[in-house]
Amino acid sequence: MTQQLVIESFPAGGPRGHWPADEFAAEQRAAGVAATVVMDMDADAFLVVVPQQRDGG
C-alpha cells in the first residue's frame with residue numbers, strides 16, 4: 001500500500017497562494033523526488049507530498 005509523506009507545508013492564505021508549494025515541488029521533482037502538491041482543507045494549507053511505501057506487516 002502506498003501512503004504519502006508530507007515534506008513541506010505552505011499556508012493557503014499566503015499572498016502568493018499555491019505558488020510557493022508548486023515551486024518547491026518543482027525543485028524536488030528536478031532533484032528526482034516524485035513530489036506533488038495537495039490541498040489540506042482542514043488545515044487551510046498546501047502540502048508537498050511524496051509517495052511512501054508502507055510495509056505489508
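**Salt bridge**

I looked up the charged side chains and found that Glu-23 and Arg-16 meet in a salt bridge at 2.7 Å, N to O, the term standing for a side-chain nitrogen of Lys or Arg within 4 Å of a carboxyl oxygen of Asp or Glu. The structure holds one salt bridge. Glu-23 is partly exposed at a relative accessible area of 40%, and Arg-16 is likewise partly exposed at 38%; I take buried as under 20% relative accessible area, exposed as over 50% and partly exposed as in between, with a 1.4 Å probe and protein chains only.

I note that this is a predicted model, in which local features need pLDDT of at least 70 and side-chain atom pairs count only at pLDDT 80 or more, while totals for chains, interfaces and linings use all residues. Residues are numbered from 1 along each chain as its sequence is written, and side-chain values use heavy atoms, with hydrogens and water left out.

**Hairpin**

I then followed strand 2 (residues 36–40) and strand 3 (residues 45–53), which run antiparallel and are joined by five bridges; pairing requires that DSSP finds at least two bridges between two strands. Asp-40 has Ala-45 as its bridge partner in strand 3. The two strands form a hairpin with four residues between them, and Asp-44 in the turn has a positive phi of about 55°.

**Ala-21**

Ala-21 lies in helix 1 (residues 19–30), where helices are DSSP runs of H or I with at least four residues and strands are runs of E with at least two, numbered from the N terminus. Ala-21 is buried, at 0% relative accessible area. Leaving aside residues up to four places away in sequence, I list Phe-10, Val-37, Phe-46 and Val-48 as touching Ala-21, contact meaning heavy atoms within 4.5 Å.
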